[in-house]
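Have the model open and follow along.

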Amino acid sequence: MSKNTKTFNIKETAETLVPDKLGRTSYLIGLIITMVMIAVIAVLYNRLPRSIPLYYSLPWGESRVAPRIMIYLLPLTAMGFFVLNLVLGLIESKLSPLLPRVLAVATAVMASMCLMALLFIIQSITL
């Protein structure tokens with residue numbers, strides 16, 4: 001085997017994509033929170049009622065509820081922000097060093113907000 005053969009290294013790839021340590025940490029936190037949401041939903045899915053309160057900004061009543069499969073919108077939203085902010089951070093890193101940091105921290109904040117929403121939905125169902 002030749003010494004020039006390169007193997008995949010996740011740490012080097014992460015450092016290449018997001019050179020800033022704060023950014024890598026924020027994206028990692030966002031990714032972990034998203035995985036936790038998926039795990040919580042997978043564990044509790046069969047225990048959830050057929051309709052769950054999902055749309056809190058709508059008037060009280062039937063307009064607030066959605067089929068329980070829609071609860072996957074929360075981790076999907078967090079993952080969408082993760083991908084979008086990572087791509088925008090890669091594009092804008094050449095223009096400004098601050099914007100990729102802000103996008104990375106916003107990813108962690110958005111994932112945290114989605115997790116809080118999931119926990120509030122679960123709490124409202126169990127009370």
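## T107 in its helix

T107 lies in helix α4, in what is a predicted model. T107 is buried, its relative accessible area being 1%, against a cut-off of under 20% for that label. Leaving out residues up to four places away in sequence, T107 touches Y27, F81, F82 and N85.

## How α3 and α4 pack

Two packed helices are described by the angle between their axes and the distance between the axes. Here, the axes of α3 (residues 73-92) and α4 (residues 98-126) come within 9 Å and cross at roughly 180 degrees. That makes α3 roughly antiparallel to α4, since angles over 145 degrees count as such.

Which residues meet? From α3, the contact has L74, T77, A78, F81, F82, N85, L88, G89 and E92. Facing them in α4 are L99, P100, L103, A106, T107, M110, A111, C114, A117, L118 and I121. Sorted by class, the contact of α3 with α4 has 15 nonpolar, 4 polar and 1 charged residues.

Let's turn to α3 itself.

In α3, the buried residues are L74, P75, A78, F82, N85, L86 and G89. They cover an arc of only 105 degrees around the axis, which puts them on the same side of α3. An α-helix has 3.6 residues a turn, so residues three or four places apart point the same way. What covers the buried residues of α3 includes α2 (21-44) and α4.

Definitions and conventions. Residues numbered from 1 in each chain as written. Predicted model: local features only at pLDDT ≥ 70, side-chain atom pairs only at ≥ 80, totals over all residues. Heavy atoms only, no water. Axes fitted to C-alpha atoms, helices over the stretch in contact; angles between N-to-C directions. Helix = DSSP H or I, 4+ residues; strand = E, 2+ residues; numbered from the N terminus. Parallel < 35°, antiparallel > 145°, perpendicular 65-115°, else oblique. Contact = heavy atoms within 4.5 Å. Nonpolar A, V, L, I, M, F, W, Y, C, P; charged D, E, K, R; others polar. Buried < 20%, exposed > 50% of the residue type's maximum accessible area, 1.4 Å probe, protein only. Arc of directions from axis to C-beta.
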